[in-house]
Every structure is written in structure tokens, then in C-alpha cells.
Amino acid sequence: MSLLTALVALAADPVPPSSSSGPGPGGASARHHHNQGQPFTGWPLGDLEAPGALERMVRTTSLRGELVLLHGNSKRRRLLLNLIAQLNGLDIDHILLLAFTPDMCERLRRNRNGAVGCAHSSHLLPPSPLAATRPNATKSAAMAAAAAAWGMADSNYRHWLAKWRTMRRLLEARVNVLALDSDVAVFSSPYPHLHGAFRRFALVAAFDTKGGFANVNVGIVYFNNATAGGPVHSIMLEMERRVEAALAMPPPQKVPYGSLPGLFWDQNLFNKALLSAMANHALSLPDPAGRSFLGGGEWSRTHAAELRRLGDVLKTWRRGEAAAPPGLSVRPPWFPHRAEYRYWSLRRAAVGADASLWRPVPEERILLAPPWLVSADNAFGHRYKHWLYGASPPPCVLLHFVCVAPGQRSRILPMQLFGAWSAGADIPPSRLRTDGRRSPPPNTTAVVGRRLLALADATYESPLAPRPWPQLNALHAALGGLAELAGRVAVLPALDCGGVLDGFLEPGRLPSRCFWHVHAHRAPHWR
């Protein structure tokens, strides 16, 4: 195919943002409003590490022992505003944004971007002169200095660790936490299901073939009445113990790129701590070569087959089924009427965790949610189901956009394509006045529509046949480069995914990152 002869200019953007406000499928709105009657907006709640700050936040932001926890920085601003708008549209406003920087909270308050509280955390940062007099100040200062030596002070890893520390403290305060990554879409309230069919699970998460050693993705997690000192709590304590042990090691003169994820990535830490609890042995696993500090390296090698078996969710974890609730699209094999889930029962603390709060509990179960509750592109091995995400009504309650390129913009496009984007998230900061109101629109007569560049025979009316994803990546690069040279905006090629049930599951036929593309499918009416 000749790209130069196939490129055509279009007159309008074929992917307008769509509103996702209002109740989701079946009108299942939990109507979770603030206990003060008037939801406050982004009021800075300060540093949660300050004395009494967490307790004040719980009093003002949580609702009947429930809290939705978001996190992110200005690079995820539009994603966060979209997520806040979706939650508020479902009457859920007991939300805390754990911002990476204090100024983000101030901008949120000034611009009145939805019903949400905002705070930050100085965890692993040098303590202020006032904080130097607090208990454990010397230890905190030493850990902060070590984190700086490891290059953690301004990294995402520190902020992700602060989020898990905050969740651990909220668990100890008997607050149930629903933690959502910024690249999550909420189509309906999850609370009827979390408090209903899955109320007996202490932790709800999602399966991920690339999630880690236990194959758990922590982009969406819910802690439900987990016991302080119980197995789930001990996993969180074990994560913090491993971070402290890693920081106690002198960093190399030049920290290798792979060292930070291996030692400080929250998903990596969670999966290792969980697998350690499942195996009843402290596992070092493949941390950076020669820097094993947790012990168990030889044990891990001699018990490799057992560890692989424990981490094989589909073969080892116990299986259950749950019927999809009314109001969701049902389309086997990805979203059947009765969908499978997996769970594991923990009856003891994670090995090595602080046992000072330990008390015997019968068991705490970890749930890997069925795809109709929490979905991602590779949940339970059905990697090629993502063309269903645009179904109306949607097939799932929570959708995690993970199978995309890094960055905010790569998430926004599929969210727009699949009807999971709120127009309010597109308000540019320049259009917001200091009093939070929108500035008057510019002279519309001076506005000219964006000139686009698209590929002939790759439109919705005439979609492109499937190609291996390396070819599609090269096509994207060529199309984007030509658009940049021409001063236009590239339009992603439409890809016909209509044959997914008759051979499309063959490896290599459909790119694993397929939903970078528009999907055209003449599907029958879905029941």
C-alpha cells in the first residue's frame, strides 16, 4: 500500500468526546454523598503525614467508613478530572485525591473541578524543622536521605509508596478504601456489588498476566473490612518492611534503571509480599543481581516449581462464578451470563511482617474480580475482547485502560472512542478564571476546524484488515510523521475486528495493543 497516495484530508474530527455523566447500566447508583450535605471541592487537606491530618481527612471526606482514593500529578490532570466527573455523576463524592504536589490541590480548589478532597504526602521526604521534634523523626530523616540517594525524591515510585502507606493507615482506621488509577473508567457504581455478592472478600483486585509474580494488578483495589493485624494488613506491612530494607542498602554510584522497579514499584512489592504469604516463606525472587537482601534466594530456586504453581492463577486459585447483573451487555466468551472469578484464602500473616498488631482471624480472602466487575484487555486470558468496550450498555462496571502506550494522551483517545470520556475534562486551564468560572469563549468566527490526515480504506465505512501490530505501529509512525510535516492531525486507522470469533484469536493475527485503533464491527443486537 502506498501511504502517499492513500492519505486523504478530512474536514472534521471523527472522534468527538462523549459525556459519561449520569448513572451507569441499570441506573445502579449508590448515591454516596458527603456527610456534611454540601460536598466541598478540592479544599487542600494538607500533608497527611502531619499530626492529626489523616484523622481530619477521614472526618471530612469519608462517608460511613468508605473512601475512594485517587492519585496523580499534573501529567494526569485530564484523566483525573474525567474520573472525578464520572464518580460525581454516579453521586459518589467521598473522594480523596492524593496529589503528588501541594500546588495541584490548590489549583483543584481554585478551579472547582468537581466534588473531591485533596491532600499530599511527605512520606520519604526530608522532615520539616517542626517535624524534626516528632517521634521517629530520626528514622524518617534517615529513610528520606536514603530515598534521595536512590533517586526516589521526585519519582513516581515514592508517590506510589505513599499511596500504599496511606491505604494501610486507613485500614487501621477502619476505613474501606476503593483505590483507582487515573486511567480507569467507571460506567456504574461498584458498591452494590462490592457490598453485595463480594462482601465477604477482604481485598478485591484484578487478574493480570503481566501483573507480577502472583499475577495481580493493583490499578483497581478495594479493601473491605480487612482486620488490623490480619493477613491483608500484614501484606501491606511487609511491603513497607521491604522498602525499608532496600533503602538500608547503599545505592550503586549510578542506580540502574531496573533497580527502582525491582525494589520500589508498588505492584512488584505487592505481588512478592502476597506470594510470600501464599508460600509461607520470605521470597527475594529476581531482584537486581547480587543485591538480594530478603533471604530465601536458594529456597526460591529449589522451590521454583511450587512458586510457579502458586502464581498460576487459572490453575491454582479457587474458582467461582457470578452472574452478570442486569443492565450490562452480555457477549460470550468475554462477558458471559455467568463469569468466572478466582480467589485465595489467607490464614496467616505475610512472612516477615510486623506482628505487633497480629490477632488470629479465621481467614481473609483475596478476590480477582470477574470481568463484568473489573475489566482490562487481558483479564483471564481474553486479550482480544477490547473491541467490546464501546458496547451500549457497557459490558463492565470498571474498566482499566492498561493496554496502551505510556502517557495521558494514549489513554484519552480510547476512552473517547469507547464512550468513557467526560467533556468537562477537556476544559483547558487557560479557559478557567481565578474564581473558578469559565472564561467567555473566543470569537467563534476566528476558530478554524482542525485539518486532519487519515488513511484511505481505513475508515469506519471501509476499515483496514487486521495486521500484525509491528506493521500497525510503523503505519502509525508514518502517518503521524506526514501529519506533522503537513501541519495536520493524524486520524488513527479503523481496524475491522469483526472476525474475532472465527480465527481472530490466533497468536499474532491481532496486535496486543490493538485498541490504539478505531474498531469497526457490525455486531448483532446484544442482549
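This is a predicted model: local features need pLDDT of at least 70, side-chain atom pairs count only at pLDDT 80 or more; totals for chains, interfaces and linings use all residues.
Close-up 1. Strand S14 covers residues 398-400, and its pairing with S13 is parallel, over 2 bridges. Both strands belong to an open sheet of 3 strands, ordered S7-S14-S13, in which the pairing is mixed. The edges are taken by S7 and strand S13 (374-375); each has a single partner strand, so one side of each is left without a neighbour in the sheet.

Close-up 2. Asp 181 is buried but has no salt bridge. The nearest side chain of opposite charge belongs to Lys 163, 4.1 Å away. Leaving aside residues up to four places away in sequence, Asp 181 touches His 71, Leu 83, Lys 163, Gly 219 and His 400. Lys 163 is thus both a contact of Asp 181 and its nearest side chain of opposite charge.

**Close-up 3. Strand S15 and its pairing with strand S16**. Strand S15 comprises residues 452-455 and is covered on both faces. Leu 452 and Ala 454 are buried on one side, and Leu 453 and Leu 455 are buried on the other. The partner strand S16 (residues 489-490) pairs with S15 in the parallel sense, over 2 bridges. Leu 453 has Ala 490 of S16 as its bridge partner.

**Close-up 4. Salt bridge between Glu 240 and Arg 168**. Side chains of opposite charge can pair when their charged atoms come close. The whole structure contains 14 salt bridges. In the one shown here, the N to O distance between Glu 240 and Arg 168 is 2.9 Å. The two residues come from distant parts of the chain, 72 residues apart: Glu 240 is in helix H8 (residues 231-247) and Arg 168 is in helix H6 (residues 156-172). Glu 240 is partly exposed, with a relative accessible area of 25%, whereas Arg 168 is buried, at 11%.

**Close-up 5. Salt bridge between Glu 238 and Arg 241 within helix H8**. The N to O distance is 2.8 Å. Glu 238 and Arg 241 are 3 residues apart in helix H8, which means that about one helical turn separates them. An α-helix has 3.6 residues a turn, so residues three or four places apart point the same way. Glu 238 is buried, with 0% relative accessibility. Arg 241 is partly exposed, with 30%.

**Close-up 6. Salt bridge between Arg 347 and Glu 363 in the loop between strands S11 and S12**. The side chains meet with an N to O distance of 3.0 Å. Both residues lie in the loop between strand S11 (338-346) and strand S12 (364-368), 16 residues apart. Arg 347 is exposed, at 53% relative accessibility. Glu 363 is partly exposed, at 30%.

**Close-up 7. Salt-bridge network of Glu 49, Arg 165 and Arg 169**. These three residues are linked by salt bridges into a network.

**Close-up 8. Disulfide between Cys 105 and Cys 118**. The count for the structure is 1 disulfide. The sulfur atoms of Cys 105 and Cys 118 are 2.1 Å apart. The torsion about the S-S bond is about -75°, so the disulfide is left-handed. Cys 105 is in helix H4 (residues 102-111) and Cys 118 is in strand S5 (residues 116-120), so the pair ties together parts that are 13 residues apart in sequence. Cys 105 is buried, at 2% relative accessibility, and Cys 118 is buried, at 0%.

**Close-up 9. Buried and exposed sides of helix H12**. Helix H12 spans residues 304-311, and its buried residues include Leu 307, Leu 310 and Gly 311. These residues cover an arc of only 95° around the axis, so they are on the same side of H12. Ala 305 and Arg 308 are exposed on the other side of H12.

Note on methods
Residues are numbered from 1 along each chain as its sequence is written. Side-chain values use heavy atoms; hydrogens and water are left out. Buried means under 20% relative accessible area, exposed over 50%, partly exposed in between (1.4 Å probe, protein chains only). Lys and Arg count as positive and Asp and Glu as negative; His and the chain ends are not counted. A salt bridge is a side-chain nitrogen of Lys or Arg within 4 Å of a carboxyl oxygen of Asp or Glu. Contact means heavy atoms within 4.5 Å. Helices (H or I, at least four residues) and strands (E, at least two) are DSSP runs, numbered from the N terminus. Two strands pair if DSSP finds at least two bridges between them. A disulfide is a pair of cysteine sulfur atoms within 2.5 Å. The arc is that of the directions from the helix axis to the C-beta atoms.
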